[in-house]
Every structure is written in C-alpha cells, then in structure tokens.
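Subject: Structure handover

Hello,

Here is the structure we discussed. Please open it first, then read my notes below.

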Amino acid sequence: MKIDGISYRSVWLDADGWSVRIFDQTKLPWLVEQIRLTRWEEAAHAIRSMQVRGAPLIGAVAAYGVALAMRAAPETLDAVLEALNETRPTAINLRWALDRQRARLHNLPLEARAEAAYAEAQHIADDDAETCRRIGENGLPLLQEIAARKGRVNVLTHCNAGWLATVDWGTALAPIYMAHDAGLDVHVWVDETRPRNQGAALTAFELGAHGVKHTVIADNAGGHYMQHGQVDIVIVGTDRVTRTGDVANKIGTYLKALAAHDNGVPFWVALPHSTLDMRVRDGVSEIPIEERGPAEVTEMTGRTADGRIETVRVVAAGSAAANPAFDVTPARLVTGLITERGRCAANEAALLGMYPEKG
Ligand code: MRU
C-alpha cells in the first residue's frame, strides 16, 4: 500500500539483502520513521514494544527475527524460537510463523539454516500479502451488495486491521480498499481503540493515505450510530479464531458485536489461515489474554499544536488501572468469517469445510 505515492510493505528486506526494515508504529501518525533490524533481539523488542503490531505482521517479523539469528548463530535456534514466542501471547500467528521456521530448519545442518530461514521468512511475508489480497476480494461482494441497495456503505471497524497490521492490504480493511478502488461510495467509522488508539492513530492514517472517507469516533459511540441506522456492516480483524468460531480481537470488539447483534447489523470477521487455532475450542476460557501495563490507560500520547510529541497523564493520581489488551467475541455473535478461501459461518463444520487439512 502507499504512503505519499510510494508503495510499501510493513516489513521488508533491506537493500543490503540481510537486515530487515519496519515502520516504527509507535511514532505513527506523527512521524513516518523506519527502523532497521540487524539482530533477532531487535525483532523481539519491536514486537514486545509494539513498534510492529497486528497478528499477521508480528508473525512475519518473528520469522525474519529467526533469519537474523540464524545468520549470526545457527546453533541458537531453539532458544530464539522460544524467546520470540514469548514476546506476545494472544495472536496465534506468532506461534504459527515460528512453528513454520522450526519445521523448516531443525533438521538442517547449521551452515544451511540462514539461507533457509530467510527463504521461509520471505515466503511467509509473500503468502500473507497474497492472502490478504484474496480476503479483500472475498469481502468485496458484501460491500457491493450494500452499495447496490443503498447507494453507499457505512462500515464500522475496531482497532487496526489494515496493511500496517499485516504485510500488505490488511484483513478487515482489504475489502474496504477494494471497494474504494472500485468506485463504491464507502465511509468508515473508525473506533479510536483506547488505550493505545490503533484506530485513531493507524487506521485513520492508512485510510487517509488511501483517500478513503472516514470518521474517527470514541469507542463508545458505535452503538449509538448502529441504533440510528448509520452502520451498515461491522468488519474487524482478529488475533485468534478457535475451532468453534470464537474470535479474539482488540479489547472492545465484544461490545461492538453485542451492539451489532442487538441492532441487526452484520458483524463480519476477516482472517487469514494463520489466525486459525484449531487446538482451541472455547475462546473465553482457553485463549490467553495479554495484560499490558497500566500506563497505557493512565497516559495518552499526542502532538502539541507546536509539533512536539508529548505524553500526559489522564487519570487521577493514585488510581489503579487495569489493561486487558484483547477480548473474545463468542461465535454466536459473528455473522460470518471472511477468509482467503471465501466466506463461511463461524462454526466448526464451516471452518472444517473451508480448511479440511486443518481437521
Ligand atoms: O495489540 P495489537 O495492536 O497488536 O492488536 C491488533 C488487533 O487486535 C488487530 O485487530 C488484529 O491483530 C487483526 S490484524 C489483521
């Protein structure tokens, strides 16, 4: 996707052929800064500190982290896989990418590991970009159908499931980009997504850079707009989908699904194959939910009128804060899943029909 007319992916190999480049997403939308990763520890830090975030992207960056490690010390494979896996707990794409690297590398002689690890990381990145493009194609008819009936489409999305969260295109935003490019009159309600503001900072930045009409709203406003017929469809991404179709995604997603259910608004979830966790049946009791630091709730960062980036406290001194980063939306609240293979219901039979090899 493009920034200032230049096409980028959200992770790519540097011109030197071995180091890895990412955007520092903690600086967006105020500064578009790249970071060059030269050691696996820097890749781990980038994931943990959320310089990169979004389920598919952290998998791809972890895969490149393994490649950096294999270039430096191929005998460290097991320790590096374990350390990278511990950087964030909820998105299954991280473990999926590391399992791919493990399967590819563990039987190879040490001297062959670096080349194979880079090839696998590139494959994971290319696969994600193509997978997301197909998710866009498979989600587009939903928006076309609404546009044909109403003349325009109002989509609500939560968090950032755009190209910055994947390698390219995004999941939830891919159908929106395609609808916009096809000339449909699309407008997106962007939940700000407290506490880290991925909607206000990243989704709004992406949509603006692509010229898609959008309005940032406080997280609590979505239900109101649904009651007043101003949301035609909700599309969100996900960090893990269970065998039974339960959906883990950014904290607050569940409340949007409840409001959508109450108002008869279709609630769709876009995901690549790497986000499916067929080992888990019950999302609420089995998916580990990342608990992040209280400062993300008690403080906010923004740009002052004279251009300085500052962090301020927004909570009364002395109050405790809790910060679960994800929640689980039960399958019964999900209208359907948009995958690279097509759309299906959020249940075990439909998922096994779509992905028989994962049974
Ligand atoms: O904590 P984050 O920013 O990594 O959370 C990201 C999300 O919850 C996204 O909606 C999800 O990963 C889907 S990304 C295609």
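I start with the backbone. Pro195 sits in the loop that runs between strand E7 (186-191) and helix H7 (198-210). The peptide bond joining Arg194 to Pro195 is cis, with omega at about 10°. Bear in mind that this is a predicted model.

There is another cis peptide bond, between Leu28 and Pro29. Its omega is about 5°. Pro29 belongs to the loop between strand E4 (20-23) and strand E5 (34-37).

One more backbone point concerns Cys159. Its phi is positive, at about 70°, although Cys159 is not a glycine. Look for Cys159 in the loop between strand E6 (153-157) and helix H6 (173-181).

Now the ligand. How many residues surround it? The count is 19. Arg88, Gln198, Asp239, Asn249 and Lys250 are the closest.

- Arg88: an N or O atom of its side chain is 2.8 Å from a ligand oxygen.
- Gln198: a side-chain N or O atom lies 2.8 Å from an oxygen atom of the ligand.
- Asp239: a polar atom of the side chain is 2.8 Å from a ligand oxygen.

The ligand is also well covered: taken alone it exposes 410 Å², and the protein buries 99% of that. The space that the ligand takes up is the largest cavity.

Which elements give two or more residues to the shell around the ligand? They are helix H2 (55-72) and strand E11 (247-250). By class, the shell holds seven nonpolar residues, eight polar ones and four charged ones.

Finally, where does the ligand lie relative to the domains? Domain 1 (2-128) gives residues to the shell, and domain 2 (138-358) does too, so the ligand lies between them.

For a quick tour, I would go to Pro195, then Pro29, then Cys159. After that, move to the ligand and show Arg88, Gln198 and Asp239.

Best wishes

Notes. Residues numbered from 1 in each chain as written. Predicted model: local features only at pLDDT ≥ 70, side-chain atom pairs only at ≥ 80, totals over all residues. Heavy atoms only, no water. Near = heavy atom within 4 Å. Polar contact = N/O pair within 3.5 Å; in protein donor to acceptor, adjacent residues only side chain to side chain. Areas by Shrake-Rupley, 256 points an atom, 1.4 Å probe, with all protein chains shown as cover. 1 Å grid on protein atoms, 1.4 Å probe; cavity = no way out; pocket = protein on both sides within 12 Å on 5 of 7 lines; lining within 4 Å. Sits in = over half its atoms within 2 Å of the grid points. Helix = DSSP H or I, 4+ residues; strand = E, 2+ residues; numbered from the N terminus. Nonpolar A, V, L, I, M, F, W, Y, C, P; charged D, E, K, R; others polar. Domains from an automatic or database assignment.
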